[in-house]
Amino acid sequence: MSANSNGKAEPAPKLIVRDLTVSYDGKKAVGPVSLDIVGQHVTALIGPSGCGKSTFLRSLNRMNELIPGCRVAGSVLLDDAPIYGPGIDPVAVRRRIGMVFQRSNPFPKSIQENVAYGLRIGGIDNPQEIAGRVELALTQAALWVEVRDRLNDSALGLSGGQQQRLCIARALAVEPEVLLMDEPASALDPIATAHIEELINELSESYTVVIVTHNMQQAARVADYTAFFYLGELVEFDRTDVIFTKPSNSRTEDYITGRFG
Amino acid sequence: MSVTKPKRFREVRNIREINGFVPFGVTAMSQTRHLFVKSEWSYPPVTTPEGAIAMARQKTIGTKIAVPPARPPKLTLAPAPLWHRAAEWTLRVLAFSAVVAIVLILVFIAKEAAPIFYSAAVRAEVTMSKMWVPRLWPGYDESASIWQPVSEIPKFGIWPLVLGTVKVTVVAMAVSVPLGVGGAVYLSQYARPRTREIVKPVVELLAGIPSVVLGFFALMVMATWFQRLFGLESRLNALVSGVALSFAVIPLIFTFAEEALRAVPRSYVEASTALGAARWQTISRVVLPAASPGIAAGVALGLGRAVGETMIVLMASGNAAIISASLADSTRTISATIAAELAEVVFGGAHYTVLFFLGTLLFLTTFCINTIGDWAIRRMKIRLGGTA
Amino acid sequence: MSAAAVVDRAALAKATAHRTRRNFVADGALAIVSGAALLIILTILAVILFDVVRQGLPRLSIAFLTEAPRNGMTEGGIFPAIIGMLEMVVLMTLAGVPVGVATAIYLHEYASPVSPITRAIRIAVANLAGVPSIVFGLFGLGFFVQFVGSGIDKLFFHGDKVFGQPALIWAALTMAVLTLPVVIVATEEALRAVPRELREASLALGATKFQTVLHVAVPQASPGILTGTILAVSRGAGEVAPILFTGVAYFLPQLPRHLSSQFMSPSYHVYVLSTQSPDVDATQPILYATVLVLLLLTFALNLAAVVVRSRMRRRYAGAGA
């Protein structure tokens, strides 16, 4: 990938989704959806509640399979390799595509052990390597300075915003290529939300970020590309500035301008 | 630290900058913040990766230290170790233990009881008809069902034992159901939460008392009291052992009933009160029926326990296998019979076989009580709430 | 307004007053009756405790717990019985707890809720909990002692009677089967309480289901597993009927040294001293003291289980924030 004048790689698709349909017990929840997630940029999924954006997000790292009765049809390609298919291990997929949840869910362990969890699961047990990677992950999540003196304290003692950054650090520690974030700041106060948004901006340097948000303004602030979902369908997908200034679909315009939602 | 303009400095992809148009929703404040963020970043001169990490370790301006991370070698994660699959299979196999146990229990006690049907040596002394049908024994005036396995002519009439089990169980349930349910009603409907915190563990203590201790208490203490109180002829009888048995059953019924009563939604109580019902009417017409599946579960469990309990009756019932309607007479239950006589039997003999037959009978009875109880409870739940 | 809607106010007021009075009495009666029931239950416990403590405490001492019985059980202590019970309980726990925990993990984490296998296991667990203790004794005799034990004797001991008779190991295994439902139910309850978000977090990081169970679910559930174990131990210490024919004895000259030895137990001691003592008055002090020891032990275990359970609830209340 050649660099453009901004020092950023030319936009190239990282995740190619074609005709993805998710259904629960025979009832269609989302789809069919086709779009290209651009590498090393931020893509936001917006839409009113219940429109299927979270379901779609979870199908990108095969987390929907945990729900009994869920069926996924269509294809998702990560760097031209499918992630669905017989013989494809969801565990390997989830190591390349990480996820941060709406409500922070740190383990009841120490801060260090939380971040190191994914590494230990992957067989890494050299203490120096673990310590180095934990520090790196916490730095990337803009949490290192705040917690470096209390790495052995319980993660549950952190504030809400810190816990969410801890969960981001935990996801980053396994060096995924794509980071999925399901309304990461919806449970946080405005200051913590601002921190998370700045973090997303920084992270998009090195990671492909897909973020679900019910807050349009947040999408406008952080995202390069935006997809608008409505009632289980993808209505429009384009660069953020286009979606917010010159949307092609009238439903998109109605949502953006606040006529419903 | 001087701020040089590094090559990788991010452009502000602020929408305002793109075409000068501020769309609805993007506030001026967020734009300002973007610019503000830009100035907070600092890039110390970096020559080596170690230097980068060392710089990050020092506290610098703000909390945003965008040090180009000195990346360690690309992370390679190993797949799960092989022994995990073996462990999962072990889990699956071990999970069958309960099924295997139940099957083995039935098989092996039935196996030892089976000779009653096919062994000539055993059948010479005892058959099903000899056990269940009263017959005329030498030395007796009329035909009767008599349990006298150790005598010149061994007699294996089961009815005295069955009657004994029934008597003791009836006494135990008659005492424990009112007490258990009544106490549960009080604790769930009238008592303060603080009281509940204290009383619940205390009743669990009662549940934890070993049955041999209850039997001991019945034998040493209660028997004397009852005899004095009621003027009974025999010290150890169905009444004493039944009451002592109820001590073991009460905590079961109490715990289940209390949980069930507490689980009744407040909305039911409020609706009933709003319709003008008095407290006692709400409790008896709404709360108790709503809790009936849970209470029934407790009663079924208690019934099973009462039928099968051994030590209490062994110690307190007097161990006289007679047929009598009176609760004041000594009696013998099936379980106590097995416990008392198994030590002295000849392995493989008729007596031994009959005792195992009694054990099988007991097993099947409690199995039936459990199954019928489950079915009844499920029906109750359907009747109440539409789904089991 | 139709004529039917005309209300006789005086009659209604009279009826309401009467009903109110009746309700007042009935309310009070219900409260009193149910309160009395609760009071009776508590009194029973208090009376038992009071009597046992009053008569047993004088005889209770360190010497009682550490000496062997002498003089036909009229003097000395119950040390061998305590040791025997401890050995049996330890073996029972080692055999039963892993199996029970494994069953619960399978039922909660791996089993499909609608599969017939799952239903069969659950029915088996429920029925196992309801089997009378004497039937367990018969099972221990018929299966462990006479089938497995004799088999071992034939294979390894040339037909000598070593394991084909009442033995510590058979009593422990019988008790392990008896307490299996307790462990299974407690463990499953604890696993159910582990929040779904923690499991999701682990899986999203690329952990397999087993890794999630091992590193997240089981550690979080460990207080519940501990509670189950404590309750199982409490049952094991007190039950007599299952060990009657599978290994317990009234008086043994030495402590059990092998898995095939017989053992003494305070619970069996109480039974024998109560019913078959040659000199009731002389053995009564020892009998009461033994009962007291048994009661104190059971209470201490149950109290420990309650403490663990409440500590666990407090931990979950904090983790959900």
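1. B:Asn319 is buried in this predicted model. The residue has 20 C-beta neighbours inside 10 Å. The cut-off for buried is 20 or more, so B:Asn319 qualifies. Look for B:Asn319 in the loop between helix H15 (311-316) and helix H16 (334-341) of chain B.

2. Most residues other than glycine have a negative phi.

3. A:Leu231 also has a positive phi, near 50°, and is a residue other than glycine. A:Leu231 belongs to chain A and lies in the loop between strand S9 (225-230) and strand S10 (233-239).

4. Is A:Leu231 buried or exposed? A:Leu231 is exposed, with 12 other C-beta atoms within 10 Å. Exposed means 12 or fewer, so that count places A:Leu231 in the exposed class.

5. Now the contact between chains C and A. Chain C brings 15 residues to the contact, and chain A brings 20 residues. On the side of chain C that touches chain A, the elements giving two or more residues are helix H7 (196-204), helix H8 (209-238) and helix H11 (280-319) of chain C.

6. Which element gives the most to that side of chain C? The answer is H7(C), with 6 residues. By residue type, the side of chain C that touches chain A holds 8 nonpolar, 5 polar and 2 charged residues.

How values were computed:
Residues are numbered from 1 along each chain as its sequence is written. Chains are lettered from A and ligands numbered from 1 in the order in which they are written. This is a predicted model: local features need pLDDT of at least 70, side-chain atom pairs count only at pLDDT 80 or more; totals for chains, interfaces and linings use all residues. Two residues are in contact if their C-beta atoms, placed from the backbone, lie within 7 Å. Helices (H or I, at least four residues) and strands (E, at least two) are DSSP runs, numbered from the N terminus. Ala, Val, Leu, Ile, Met, Phe, Trp, Tyr, Cys and Pro count as nonpolar, Asp, Glu, Lys and Arg as charged, and the others, Gly among them, as polar.
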